[in-house]
Amino acid sequence: MKKESIFSTTILLFIFSFYLLSCSTDDNEEKLAPFSADPCELITPTPDSLRFKAIYDPPSIKLEQNHIFYSNERIDIEWNLPGDLWNTELQFIETSEPFTCDDYYKFHQLNNNGTGYGNQYVHYYYSPQSLNIRDTIYVSYRARSTDVKMIKDYSLWTAVKSFIIVPTNDLNKRTVSEIYNLKFLTEEVNHHYYSGVTKFPNYRLENIAISHDIPYEKIRLVNITGFNLSFKSFQEDGQNPFERIMIGYDEMVNPDETVYPFDIIGDAYPGSYEESPMTGTLYGNLDRNIAADMQNYDLKIAYHLWGVAGTEQELDINLKFDIYYED
């Protein structure tokens, strides 16, 4: 009887020990799971003190890996958030060489402290033209989704992504001015922001490069630095036919009544008897690289009419560009 008791006790202890070991293993796997997304975790694991349980799915970053920006270019990072979340935290580190797993510990030094954003994009440098960057900078970053509760929950950190900031000092710079002469028949589509949209086809960046003897294939950066309008036609009483004119390069016109027709880079509000030429306003585009837009899309013009639709109008749009290119 005594032997049976000892045997039963031994079995119970074995089962209990197995249960504890199993729970410990499950807890450990749950603890480690949120930090397995980045391959650098295998080389420089996140310290236990920084580990947390992830609740949400991570954001999806749109910017491609190792994208090259130039030092006087606005640097935008965009991402998509899961579900109904609208808050994100990002961490950044800068290095003088491309990121490797040897740099991963620098994220640990940030102690899970990230910069929070209530939107889905961020300008990395707000005033890039005020910087004096002489050497290439490698910026690495990661992001996590979060909420707006007093006690926040998070997603796991995304795998580390990187972009590169290259100084423009070594590039050639040309400032050019181009006049777009437009003749078109006006229309009225009764959109909130515009009466109609027209475009200036077949005069993209390649055409500008050829006319100014700039090697098109070596262009790396284009900033628009100014534009003005000259009116060539008027209403019968001599008034200007346009209330507002918007310009931009974009793939297509968005018909949604509540949004602009395309990505606006500048506009002008001519008065009834505005004299020519008049200066338009740029939407903070002095630091935006529009080279890709000018390579792929036509210049588009949206207008809001004072006058009657169905009349033929003419105006000149003079655009000024800074074009940076390699030797």
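Two strands are said to pair if DSSP finds at least two bridges between them, and the strands themselves, like the helices, are DSSP runs numbered from the N terminus, with at least two residues (E) for a strand and at least four (H or I) for a helix. In this sense S4 and strand S7 (residues 137-146) pair in the antiparallel sense over nine bridges, and within this pairing leucine 90 has alanine 143 of S7 as its bridge partner. The model examined here is a predicted one, in which local features need pLDDT of at least 70 and side-chain atom pairs count only at pLDDT 80 or more, whereas totals for chains, interfaces and linings use all residues. Residues are numbered from 1 along each chain as its sequence is written, and side-chain values use heavy atoms, with hydrogens and water left out.

The secondary structure of the protein comes to four helices and 17 strands. Of its 327 residues, 44% count as buried, where buried means under 20% relative accessible area, exposed means over 50%, and partly exposed lies in between (1.4 Å probe, protein chains only). The protein exposes about 18100 Å², of which carbon and sulfur atoms supply 51%; these areas come from the Shrake-Rupley method with a 1.4 Å probe, and for residues only the protein chains shown count as cover. When contacts (heavy atoms within 4.5 Å) are taken between residues at least 6 apart in sequence, 78% of them join residues at least 24 apart.

Strands of a sheet pair through backbone hydrogen bonds, either parallel or antiparallel. The pairing of S4 with S7 belongs to an open sheet of five strands, which has the order S2-S8-S7-S4-S5 and mixed pairing. Its edge strands are strand S2 (67-70) and strand S5 (115-117), each of which pairs on one side only. From one strand to the next the twist averages 35°, an angle taken between the N-to-C directions of axes, which are lines fitted to C-alpha atoms (for helices over the stretch in contact), on a scale from 0 to 180 degrees.

Another open sheet consists of four strands in the order S9-S17-S11-S14, with antiparallel pairing. S9 and strand S14 (278-279) stand at its edges, and because each has a single partner strand, one side of each is left without a neighbour in the sheet. S9 and strand S17 (residues 312-325) run antiparallel and are joined by 14 bridges, with serine 177 standing opposite lysine 320 in S17.

The structure holds one disulfide, a term for a pair of cysteine sulfur atoms within 2.5 Å. This disulfide joins cysteine 40 to cysteine 101, with an S to S distance of 2.1 Å, and the link is left-handed, with -80° about the S-S bond. The pair links distant parts of the chain, 61 residues apart, since cysteine 40 lies in the loop between helix H1 (2-32) and strand S1 (60-61), and cysteine 101 in the loop between strand S4 (87-95) and helix H2 (105-108). Cysteine 40 is buried, with a relative accessible area of 4%, and cysteine 101 also counts as buried, at 19% relative accessibility.

Serine 233 is placed in the loop between strand S11 (219-231) and strand S12 (242-249), and at 15% relative accessibility this residue counts as buried. The side chain of serine 233 makes a polar contact with the side chain of glutamine 313 at 2.6 Å, a polar contact being a pair of N or O atoms within 3.5 Å, of which, within protein, one must be able to donate a hydrogen and the other to accept it, while residues adjacent in sequence count only if both atoms are side-chain atoms. The side chain of serine 233 also reaches the backbone nitrogen of glutamate 314 at 2.8 Å. With its neighbours within four places in sequence left aside, serine 233 is in contact with Pro241, Glu312, Gln313 and Glu314.

Most residues other than glycine have a negative phi.
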